[in-house]
Each structure stands twice: as structure tokens, then as C-alpha cells.
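Open the structure in your viewer and show it as a cartoon.

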Amino acid sequence: MKTVVGIDLGTQSIKVVFYDYEASEIVASESTPLDLYQDDSGAAEQQAHWWLNALHDAMGRIGEEVRKSAVAVGVSGQQHGFVPVSRNGEVLARVKLWCDTSTVAECDEIMEAYGGPQKCLDEVGNLVAPGFTASKIRWFSKQGGSLYEQMDSIMLPHDYLNYYLTGERCMEAGDASGTGLLNIRTREWSAEMLQAVDNQRDLAECMPPLHTEAGFIGKVSADAAAATGLPSGIPVSTGGGDNMMGAIGTGNVSAGKVTMSLGTSGTVYAYSDQPVIDPRGEIAAFCSSSGGWLPLLCTMNCTVTTELMRGLLGADIAAFEAAVSGAPRGAGGVITLPFFNGERTPDLPRAKGCLVGLDSHNMKRENLLRSALEGATYALRYGVDRMGELGIDADEIVLTGGGVGSATWRQAVADICNVPVTVLQHDEGAGFGAALQALAVLENEADIQAFVDGHLARDEALCCEPVTSAVNFYNEAYTGYLAAVDTIKPLYT
């Protein structure tokens, strides 16, 4: 047996997947939860050594024979995290994550120094949005003192795992496009944006070499092999951000389909063979990790919303599904505005979660749970609609992430977005995509779409079509959701 390994560093856990590519079978998969530090300032941080401990733990629960079957590794990681590394490889501070909203002021400062938001869009392709890496670097320049002066390399989470495995410092264009520092048209660092972040220091010296095409960056070192049980010397591919690897893992490497991820955050993205710049800056103009571009909308509160509501109401997964499947569409008029961690889209980084429409008749457990599910999905429908306005139509939505386990949620996505929903048999998302990338490089595959199609298959029992009566209902309910969002905006701007 020969396997390729996908490692996915998420917000809530790290997951490892071993894929027997000759049998087209995932032969082992393990995950280990991660802690998260958050406070009222909007900070959301992790320690890099937590990632390594979790990686060792997850690998340790994979059988030795399976680990020894590995012939290549690919790494996926949560986007936008800031890992400042010294010359000797020490991580100098807690890692600020994608969902950290404590650097909103720095976003504004950078864009002002660059020449304004419109210039950012026109020249770089993206605004410096809350959560993007650029603002975290500027924050560290103010707060880090001597530690900032010791910073030798700027890494993203998946870059740091690549560095741990191979000793190589590098970055990949897809993940790099989420820093706010990359000109997404040319796939080059923007010298002017780097200067806008810090005009007292040449940050270009801290940016690792940039890979614009998938390839192998190095080999698993003897030390990493001893700690993980992987064979020493097997190659490690460039990997990428979780959305970029999720695109590969869901076959979204050519035009015509949209991937929707129901994870801690919610994302909607699609492949494009040319840059897609949203003049409103709502759809992020990212590069893909398969040679094109990946226009993407991110919401900061997807399964966060349902998990918080489940915790409040004491509903386990089975009780949640029973409740939401029995509740009426529209949750009896209850609307959840799922902005518990602030929000990127709409641009409300200081927002809070809100419940709207409660009365003495609809204040029921099942309605609160269903409204959480629907509110998170309404937020993602906005991305589907906005991408349609930019010329990216959705013929199907490939659904991935933790929310896929809910039959009610799958059908709600189809009905709310009025698009057929596809679920794949290997629903390992970004981890599987990272494994497939490593395999594609190993086999020197030129036609990436044909390659991924050969390893993907629909799970027909989980796929679903929109229901006309439900589509009509949700069109009206969605209008009510948008009105509620507009109503609360003044509270948080």
C-alpha cells in the first residue's frame, strides 16, 4: 500500500488524512482539538507549539504500518494567521488568527498610508480586510518591541508546518494572496504595500521565497520523521491555504461550480481563469493554488453560530438535527444575525450576534436552533449572489465542512441559494485537497481537472435539489434577513 498524506491545520483542530491513491480509499484519518485564546478586544490567538503537539498526537493515533506507507505529504492551513519567526526558528509571539479583529485600526492605517481603499483595489486587488495578515504585522511592529526587531521571517500557519517538516522557509501564492501584501494579478509582493505596513523597515527581507506553482519544497527531515512517524526523506508539496486546498479537494479547479464550506468560518468560492476584482471589496480576489484565481467570500461565523446555540440550549448533534428538522422554515419568524465574532462580510468587525423577531409564540428551542442554521446560510447566500453579479454563476454548490452532516442544513443550502447541492464521498475537504496536490506533483499531472475528477465521486444519498416552494419562501425570508442586517448596522459602525 502507498499513501499520500494531507495535513489540515484548522482553527478548532488539526487533522491528518492518509489516502491510498491506488485503491482510491482514505485508509486512516485522525484529528486533535486545538485551544483558542480570545478576549473582549477581538483577539483570537493560538500558540504555534500547540499545532505541533496536536500534529504529533493525531499522527500517534495512526497505525505504524499506515504511517510508513506514506510517499508524499501536503499541508493545508487556516489562512491569514501571522507567525513571526526569528533567524533561529523561534516563534516570537502568539499567532494572531484569521478571526482576530483586534487590528481593525491597523487595517485603516495601512490603507491610508497606501493611498486609500480604492487604490488598494485598483493596484493590489484587495482591501486590507479585518483578519488579513498585513494588519497583524503592523500591530506587532507597535506592540512587539525587541521581539519585532528579531523577526526574520513572516509565515502563515501552513508555511510554519512546512518549515517544521522540512526546514524550508517559503510561501505559496494562493495562501499569500490572503495576506493583503500580494499583487494578485502578478503574483508578486507589493513593495508599496509592504512599505505602507512599516515604512521604517524593509519587510521584503522578511518575506519568504514565493512559489507560484505547485511543486515539492523539500523532504521530511529526520527530526520531523522521528516525531511524527512519517518516513524520513519523503517529499512535501507547497500546500496552501485551507480554501485553496479545499478547492482542489472538491474538484473546484475549473469554472462552473461553487464550493461552500460550512466550517468554523463560512466560505463561498469558485475558480476563475482570470482575476476577479470586486469594486465593493466584498469578494476577496485570491489566487488559487492550481494556476488560476479563487474569488471568495468569507463569513466569520458559520458553525460557530450553531455551536453556540447548541451549547446554550444543551442540544447534542442528534438533538440539534431532530429540532431543526421539526422546526418550520423560517424558524417561526426568528432571525439570527450571526455576528458573534464580529464579521468580515458585511464589514462589521465590531458587531455582535443578534436575535430578531422573537415573540411569545415563536420563542421555542427548535426555532432558535433553526434560526442559527438559517442565519449562517443567509450570510453565505449573499456571497453566491454577489459572485453572480460579478459574472460567476453557480451551476452547483459542492458542500463541505462540518455542517454537511446535517441533512436539514444541506437541504436548506439548496433551497436558500436555489442551487443543486453536491456532497462528495471523500468529504475531507482541505486535508484531502492537500493530499491530492501532493499526489498530482508526485505523478507530474498536467490536467488538474481530469486528475481530481479521477479521485472524486458524488455521494448520491447526500446530494439534494432545491424545492420550488421552499425557494419561494426563502426568497422572501432572505429579504427580511437583509433588512435586519441593515437595521443593526448603525449599532456597530
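This tour goes from the whole chain to single residues.

**The whole protein**

Remember that you are looking at a predicted model. Start with everything selected. The protein has 18 helices and 24 strands.

How does the radius of gyration fit a compact globule? With 493 residues, such a globule would have a value near 23 Å, and the protein has 22 Å, which agrees.

Of the 493 residues, 60% count as buried.

Colour by charge next. There are 32 positive and 62 negative charges. Their mean positions lie 3 Å apart.

Contacts are worth a thought too. Take those between residues at least 6 apart in sequence: 72% of them join residues at least 24 apart.

**Stop 1: a six-stranded sheet**

Hide the surface. Strands of a sheet pair through backbone hydrogen bonds, either parallel or antiparallel. Select the open sheet with the order β19-β20-β18-β17-β23-β24. Its pairing is mixed. Which strands are at the edges? They are β19 (284-287) and β24 (421-422), and each pairs on one side only.

Select residues 258-262 and 266-269. These are β17 and β18, an antiparallel pair with four bridges. Show the side chains of M260 and V268. M260 stands opposite V268 in β18.

Move to β19. Is it buried on one face or on both? Both faces are covered. A284 and F286 are buried on one side, and A285 and C287 are buried on the other.

β19 and β20 run antiparallel, joined by four bridges. C287 stands opposite W293 in β20.

**Stop 2: a three-stranded sheet**

Select β4, β5 and β8. They form an open sheet in that order, with antiparallel pairing. β4 (37-38) and β8 (95-96) stand at the edges. Each has a single partner strand, so one side of each is left without a neighbour in the sheet.

Zoom in on β5, residues 44-46. Two bridges link β5 to β8 in the antiparallel sense. Find Q46. Its bridge partner in β8 is V95.

**Stop 3: a helix inside**

Select residues 242-249. This is helix α11. Seven of its eight residues are buried, so the helix is largely enclosed by the rest of the structure. Which ones are buried? They are N243, M244, M245, G246, A247, I248 and G249. Step just past the end of α11 to G251. That residue takes a positive phi of about 75°.

**Stop 4: a buried loop residue**

Where is A331? Look in the loop between α13 (317-326) and β21 (335-337). A331 is buried, with a relative accessible area of 0%.

Show what touches A331. Leave aside its neighbours within four places in sequence. The contacts are N367, R370, S371 and E374.

Finish with a distance. Select the C-alpha atoms of A331 and R350. The two residues are 19 apart along the chain, and these atoms are separated by 26 Å.

Definitions and conventions
Residues numbered from 1 in each chain as written. Predicted model: local features only at pLDDT ≥ 70, side-chain atom pairs only at ≥ 80, totals over all residues. Heavy atoms only, no water. Rg over C-alpha atoms; globule rule 2.2 N^0.38 Å. Buried < 20%, exposed > 50% of the residue type's maximum accessible area, 1.4 Å probe, protein only. Contact = heavy atoms within 4.5 Å. Lys, Arg positive; Asp, Glu negative; His and termini not counted. Charge placed at Lys NZ, Arg CZ, Asp CG, Glu CD. Pairing = 2+ DSSP bridges.
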